[in-house]
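Please open the structure in your viewer and keep the selection tool at hand. The tour moves from one selection to the next and says what is there each time.

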Amino acid sequence: MIANRIVLSSDHAAIELRQAIAAHIAALGWVVVDIGPVTHESTHYPEHGEAAARNVATGDCRFGIILCGTGQGIMMAANKVKGIRCGVCADTFSARMIRQHNDANMLSIGARVVGEGLALDIVDAFLSAQFEGGRHAMRVDMIGALEG
């Protein structure tokens with residue numbers, strides 16, 4: 001796993017916010033793997049969620065940040081990839097907790113739900129939090145067992 005690489009993807013509804021997040025995390029020292037899209041032509045969020053999730057699941061990237069209008073659809077697609085634990089967050093508390101308690105490796109944000117300033121705070125909360133392990137590790141293992 002590449003410890004400092006983050007994959008970003010979105011559908012057409014979230015291009016500008018994804019690019020703002022990419023610039024923000026690059027300034028923090030992360031290597032950004034932005035897999036698009038780059039045009040506003042209608043696109044399918046399941047394809048983008050899966051593509052980003054595969055970058056995380058294979059170990060090419062440590063984390064993934066994905067966006068669509070609500071963050072929900074792209075998150076559902078990402079979570080179909082084995083080994084992915086992705087949560088939608090519209091607040092910093094949830095972003096911190098999905099890392100601390102669920103060892104989330106992907107974050108989803110709704111570009112039509114939160115503005116840029118809050119989105120950057122959510123990303124910071126997610127990236128600065130550490131998995132606490134302990135009793136939470138058993139629960140994360142239980143989630144993994146559901147994958148079959």
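**A walk from the sheet to the cores**

Begin by selecting serine 9, which stands opposite isoleucine 66 in β3, and keep in mind that the model you are looking at is predicted. Next, show β1 and β3 as whole strands, and you will find them paired in the parallel sense over 5 bridges.

Now widen the selection to the open sheet of 5 strands, whose order is β2-β1-β3-β5-β4 and whose pairing is parallel. At its edges are β2 (31-34) and β4 (86-88), each of which pairs on one side only. Ignoring direction, neighbouring strands of this sheet are turned against each other by 20° on average.

Which residues touch the most other members of the largest nonpolar core? Select Ile21, Ile25, Ile65, Leu107 and Ile109, which have that place among the 25 residues of this core. The largest share of the core, 7 residues, comes from α5. Stay with isoleucine 25 and show its contacts, which, leaving aside neighbours within four places in sequence, are Ile6, Leu8, Trp30, Val32, Ile65, Val123 and Leu127. A second, separate core has 15 residues, including Val7, Val33, Cys68 and Cys86.

Finish at arginine 99 in helix α4 (residues 92-100). Is arginine 99 buried or exposed? Its relative accessible area is 3%, so arginine 99 counts as buried, the limit being under 20%.

How values were computed:
Residues are numbered from 1 along each chain as its sequence is written. This is a predicted model: local features need pLDDT of at least 70, side-chain atom pairs count only at pLDDT 80 or more; totals for chains, interfaces and linings use all residues. Side-chain values use heavy atoms; hydrogens and water are left out. Helices (H or I, at least four residues) and strands (E, at least two) are DSSP runs, numbered from the N terminus. Buried means under 20% relative accessible area, exposed over 50%, partly exposed in between (1.4 Å probe, protein chains only). A nonpolar core is a set of buried Ala, Val, Leu, Ile, Met, Phe, Trp, Tyr and Cys residues joined through side-chain atoms within 4.5 Å. Contact means heavy atoms within 4.5 Å. Two strands pair if DSSP finds at least two bridges between them. Axes are lines fitted to C-alpha atoms, for helices over the stretch in contact, and angles run from 0 to 180 degrees between N-to-C directions.
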